[in-house]
Every structure is written in structure tokens, then in C-alpha cells.
Amino acid sequence: KVGYALAGILPAAAFGLYFIFGNPTSLIEIAAAPTRTEAKVDPTAPMREHDIEKMVQQAEAKVKENPKDGDAWAILAKTYASMGRWPEAWKSYQFAIDLLPENASLLSGQAEALAVISGRVLQGRPMELVNRALQLDPNDIKGLELAGFYAFQQRNFPQAITYLQNLHRQLPPQAPYAKNILAAISEAQRLAAGGAPANQAEQGAPAAPPASNLTIRGSLEITPELKAKLTQNDVIFLFARPGQGGPPVAAVRGPAIQLPMDFELSDRLAMNPGNLLSMHKEVVLVARVSKSGGPMAQPGDLEGSLSGVKVGASGVTLVIDKVVQ
């Protein structure tokens, strides 16, 4: 079942910012493509897969031509990371750090890669790298992002607020990512003050228990014509979002080649410990087969959705039946 058997399950205490608050590669893409302009392309929008593949080929060619080029290794590492090729990203970051040891963004980038490889855990060596990065540059964007989420994870909300406010000051105010970080700050402030999670406080509801036994059970199906498009490297993501809109309240991922398959979503798979599946009456389920390996929709991905799903329901059938354009 998706909730138990698939690799790379996304628990509440691991990289929730990426799935709650926006595109995990958005900052990488801004750094890697400085010639983009808002008038033509939204710089926080996901890049097309063939664009990223082209960047990989160019970066690989540069490091082969000159293995002592730290900047080329840095670009290659960030490009691998944007594709979710984390072991290759980690190795490339190490080459870059050996050549550019005082570059904060390389340290925080390697921290991200190491955390993903280690089961999406920031504690330990990844946070050592983050702390080194912030010592070199207190405004390092990736360092602030990871430090902010780690503080949030540890329920050190005042520290999370400090990190995320510093991060927010450096972002384009109208960018979706900036708005989502602002929402994270607001939630941290609420929780620091002992308040209920935002969705309940606004309704005047009492605080919910940390978790419940409520689940959503069902099966993921795919149409025959789309099943023929599956490859061994495809990854499937299953998200539950509140019926009224907002960030995911539960998510899971795994190899898409196993479709069709059963699934179970519960509070155990929450993206934010302050916003659990059981706190909602209805959700929208979205299943996405990612060709790039990342959670954000790309042209060519396969997708299906189902609205009005009652929390606690069983026998739910969600069909992947369209191609993302």
C-alpha cells in the first residue's frame, strides 16, 4: 500500500517546507538561470525537463573540460539537485566545496542533498553543514530555509520565525514562494503564542489532538493508454489537500511502475504537525506520476484528481487519466 510500502515516504518531520510552501527547486532555478525576466517567464515556475537535461549536459561538459573549475561543479550540483538526482548532486557539491570551501551556498546545498539521501533527516551532519553555511553567510537562502524548517520541526518556533523572516526579506515579495514563507511565519507566530493551528483558530475551534486514527483508504488506478507511458524511473506522488484549498495535509511517494496499487493516508503522513489530515472533513486527492522525480507538476507528467473525499472514507478509487500540459 502506498501509505506503507512505497519508498521515500514523506513524514511530517522531514522536508515539509518543500511540499507545504512551494517548489523545492525554485531557488536553484533562479540561481541557474539569471537571464530570465518576469516579463517573459515566472522565475519561480518549474523548468521544463528538457531544459534541465540541457543544463546537465552543458555542466558535465564543463567539468570534463576543466575538473578544477569550482563554479562548473557548483552548477552541475545544483542542476542534479533540481532533477532529484541527489547522490550525484552530493558528490558534485563535494568537488565544488573542495575547490570553493568558503562558498556558503555549496554547503547548504550539500546539506540538502545529504538529508534527502539519509532518509530526509536534517539532524546531524546536514545541520552541521547548514550551520557552517550560515556562519559564512547569515543570509544564505538555502541555509535559512533548512534552518527555519529544522527549528519548526523541533518546535522551536521563535527561532523558526527568526530564520524565516530573514529568508522572506530576501525574496521577491510577489513570488508565490515568498507568500508561502510568509504563511509559514504566520503559523509559527501563532504556535509560538500557544494558539491552535491556523485552520482551526480562524474557525474558533478547539485544538485537535496531535493525531487520530482517521484514514483514507482506496486504490490508485491508471488508464491503459497512460500505463503504457510508465517507465522504471517514474515516481508517483499522492497528495491530500483541504477541500477549501491550501497546502497538502498528507503526502506519500514511491515507484510509479507498481500501478495500480492500494493506498492509505493518515496523520502519520502529515506534511505539517500543525495541520493534520484528521483536522479536515473533506479533502481533494491528487495523484501525479512525475517524469522528473520532483513533486511539482511538469509538462508530460501524468495526473488524476478526486474532490469531495471524506476523511475516514474507504474504497476510494482515484484514476490517473490525463497528461499535464
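Predicted model: local features only at pLDDT ≥ 70, side-chain atom pairs only at ≥ 80, totals over all residues.

Biologist: Where does Ser307 lie?

Modeller: Ser307 is in strand E6, which covers residues 302-310.

Biologist: And is Ser307 buried or exposed?

Modeller: Ser307 has a relative accessible area of 57%, so it counts as exposed.

Biologist: OK, back up a bit. How many helices and strands are there in the protein?

Modeller: The protein has 13 helices and 8 strands. It has 325 residues, and 50% of them count as buried.

Biologist: What share of the contacts join residues at least 24 apart?

Modeller: That's 62%, taken among contacts between residues at least 6 apart in sequence.

Biologist: Let's do H6. How many residues does it have, and how far does it reach?

Modeller: H6 runs over residues 86-99, which is 14 residues, and it reaches 20 Å from first C-alpha to last. That is close to the 20 Å expected at 1.5 Å a residue.

Biologist: Which residues of H6 are buried?

Modeller: Trp86, Ala89, Ser92, Tyr93, Ala96 and Ile97 are buried in H6. Looking down the axis of H6, the buried residues fall within an arc of 140 degrees, so they line one face of the helix.

Biologist: Why would residues three or four places apart point the same way?

Modeller: Because an α-helix has 3.6 residues a turn.

Biologist: What does the face of H6 turned away from the buried side carry?

Modeller: That face carries the exposed residues Lys91 and Asp98.

Biologist: And what do the buried residues of H6 pack against?

Modeller: Two helices: H5 (70-82) and H7 (104-117).

Biologist: Take H5 then. At roughly what angle do the axes of H5 and H6 cross?

Modeller: Roughly 160 degrees, and the axes come within 8 Å. That angle makes H5 roughly antiparallel to H6. H5 passes H6 in a left-handed crossing.

Biologist: Which residues make that contact?

Modeller: On H5, Gly70, Trp73, Ala74, Leu76, Ala77, Lys78, Tyr80 and Ala81 take part. From H6 come Trp86, Glu88, Ala89, Ser92, Tyr93, Phe95, Ala96 and Leu99.

Biologist: Now H7. How many of its residues are buried?

Modeller: H7 is mostly covered, with 12 of its 14 residues buried. Among them are Leu106, Leu107, Gln110, Glu112, Leu114 and Val116. H7 also reaches 20 Å end to end by C-alpha, close to the 20 Å expected at 1.5 Å a residue.

Biologist: How do H7 and H8 cross?

Modeller: The axes of H7 and H8 (residues 125-136) come within 8 Å and cross at roughly 165 degrees. That makes H7 roughly antiparallel to H8, and the crossing is left-handed.

Biologist: Which residues meet there?

Modeller: Ala104, Leu107, Ser108, Gln110, Ala111, Leu114 and Ala115 of H7 meet a set in H8 that includes Arg125, Leu129, Val130 and Leu136.

Biologist: And H9, at what angle does its axis cross that of H7?

Modeller: Roughly 40 degrees, with the axes of H7 and H9 (residues 141-153) coming within 7 Å. That makes H7 oblique to H9. The crossing of H7 and H9 is left-handed.

Biologist: Which residues are involved?

Modeller: Ser108, Gly109, Ala111 and Glu112 in H7 meet Lys142, Gly143 and Leu146 in H9.

Biologist: Switching topic: where is Arg155?

Modeller: Arg155 sits in the loop between H9 and H10. Arg155 is exposed, with a relative accessible area of 51%; the cut-off for exposed is over 50%. Arg155 and Leu191 are 36 residues apart in sequence and 8.7 Å apart in space, C-alpha to C-alpha.

Biologist: Last one, Asn166. Buried or exposed?

Modeller: Asn166 is buried, at a relative accessible area of 15%. Asn166 lies in H10 (residues 157-169).

Biologist: What is Asn166 in contact with?

Modeller: Setting aside neighbours within four places in sequence, Asn166 is in contact with Pro138, Asn139 and Leu144.

Notes. Residues numbered from 1 in each chain as written. Heavy atoms only, no water. Helix = DSSP H or I, 4+ residues; strand = E, 2+ residues; numbered from the N terminus. Expected span 1.5 Å × (residues − 1). Buried < 20%, exposed > 50% of the residue type's maximum accessible area, 1.4 Å probe, protein only. Arc of directions from axis to C-beta. Contact = heavy atoms within 4.5 Å. Axes fitted to C-alpha atoms, helices over the stretch in contact; angles between N-to-C directions. Parallel < 35°, antiparallel > 145°, perpendicular 65-115°, else oblique. Left-handed = near helix turned anticlockwise from the far one by under 90°.
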